[in-house]
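Here is a short tour to read with the structure open beside you.

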Amino acid sequence: MGESPQGDHGKHRSCNSNRRHGKPKSVRIKNILRVIKQKFGSLTLSGLRKKPTEEVFDLLCSFDGVGKKTAACVLMFSLGRDVFPVDTHIHRICGRLRLAPNCKTPDETFEQMKVLVPKNRAYSFHINLIRFGRKICRSTNPLCGNCPLYDQCLFPEKRDYRMKSSSASASDYDFMLLDKV
Ligand code: SF4
């Protein structure tokens with residue numbers, strides 16, 4: 001992977017992903033809805049559709065309780081932007097495959113992956129890695145023995161897990177019907 005998607009993945013201000021303040025999620029959601037109503041006059045994000053990705057990202061991150069993952073998901077799923085969200089599944093896989101080897105948090109991996117995900121591949125890569133993380137490269141007991149990326153993987157314990165996962169049912173490979181690769 002090489003092409004930098006800086007157009008959509010350029011530098012963003014820091015996000016308040018860790019700003020939780022202990023408020024219940026319901027309170028945070030109501031606050032976000034109130035701010036959206038104030039800014040756009042109604043409860044819709046349609047006012048964001050024509051704004052630049054960085055501006056939308058920063059706006060979303062300014063909401064209490066909205067972190068980089070959530071902001072990137074809104075951008076990718078709701079607004080169709082070429083932004084690659086990183087959740088715990090993707091953070092784990094990128095670490096094991098050494099795509100983002102020194103990143104300790106999903107937010108760090110998110111920054112690292114900006115320069116690695118090819119342009120216009122954020123959606124398909126995200127969806128396929130989520131499937132891969134749920135089916136094969138699981139958090140516990142990954143099915144390394146059935147992994148199509150085994151030879152590329154630098155996960156030190158992959159040999160141990162290969163011994164434990166020598167067989168897989170056909171459904172374990174369902175995710176191989178990949179989306180728009
Ligand atoms: S070999 Fe194992 S740890 Fe490596 S990517 Fe495959 S399932 Fe994940």
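Which residues of helix 6 (residues 106-113) are buried? In this predicted model, they are P106, T109, F110 and M113.

## One face of helix 6

Look down the axis of helix 6 and you will find its buried residues within an arc of 105°, so they line one face of the helix. What do these residues pack against? Their partners are helix 4 (68-78) and helix 5 (88-96).

## The overall fold

Stepping back, the chain is built from eight helices and has zero strands. Its pattern along the sequence reads α-α-α-α-α-α-α-α.

Of the 181 residues in the chain, 26% are buried. If you take the contacts between residues at least 6 apart in sequence, 60% of them join residues at least 24 apart.

In soluble globular proteins, nonpolar side chains tend to be buried together. Here, the largest nonpolar core has 28 residues, and L60, A71, F84 and M113 have the most contacts inside it. Helix 3 (53-61), helix 4, helix 5, helix 6 and helix 7 (122-135) each give two or more residues to this core.

Setting aside its neighbours within four places in sequence, L60 is in contact with V66, A71 and V74.

## Around the ligand

Which residues come nearest to the ligand? Of the 14 residues around it, these are C137, C144, C147, C153 and F155. Sorted by class, the shell around the ligand holds twelve nonpolar residues, two charged residues and no polar ones.

How many of its 16 residues are buried? The count is zero, and helix 2 is hardly covered.

From its first C-alpha to its last, helix 2 reaches 22 Å, close to the 22 Å expected for its 16 residues at 1.5 Å a residue.

## Loop residues worth a look

Two residues have a positive phi without being glycine. One is R98, with phi near 60°, and its place is in the loop between helix 5 and helix 6. Is R98 buried or exposed? R98 counts as exposed because it has 12 C-beta neighbours inside 10 Å, and a residue with 12 or fewer falls in that class.

The other is N120, whose phi is positive at about 65°. You will find N120 in the loop between helix 6 and helix 7. N120 is partly exposed, because 13 other C-beta atoms lie within 10 Å.

A further loop residue is N146, which sits between helix 7 and helix 8 (158-164). With 17 other C-beta atoms within 10 Å, N146 is partly exposed. N146 and R162 are 16 residues apart in sequence, and their C-alpha atoms are 7.5 Å apart in space.

Methods: Residues are numbered from 1 along each chain as its sequence is written. This is a predicted model: local features need pLDDT of at least 70, side-chain atom pairs count only at pLDDT 80 or more; totals for chains, interfaces and linings use all residues. A residue is buried if 20 or more other C-beta atoms lie within 10 Å of its own, exposed if 12 or fewer, and partly exposed in between; C-beta atoms are placed from the backbone. Helices (H or I, at least four residues) and strands (E, at least two) are DSSP runs, numbered from the N terminus. The arc is that of the directions from the helix axis to the C-beta atoms. Two residues are in contact if their C-beta atoms, placed from the backbone, lie within 7 Å. A residue is near a molecule or strand if its C-beta atom, placed from the backbone, lies within 6 Å of it. Ala, Val, Leu, Ile, Met, Phe, Trp, Tyr, Cys and Pro count as nonpolar, Asp, Glu, Lys and Arg as charged, and the others, Gly among them, as polar. A nonpolar core is a set of buried Ala, Val, Leu, Ile, Met, Phe, Trp, Tyr and Cys residues joined through C-beta atoms within 7 Å. The expected span of a helix is 1.5 Å times one less than its number of residues.
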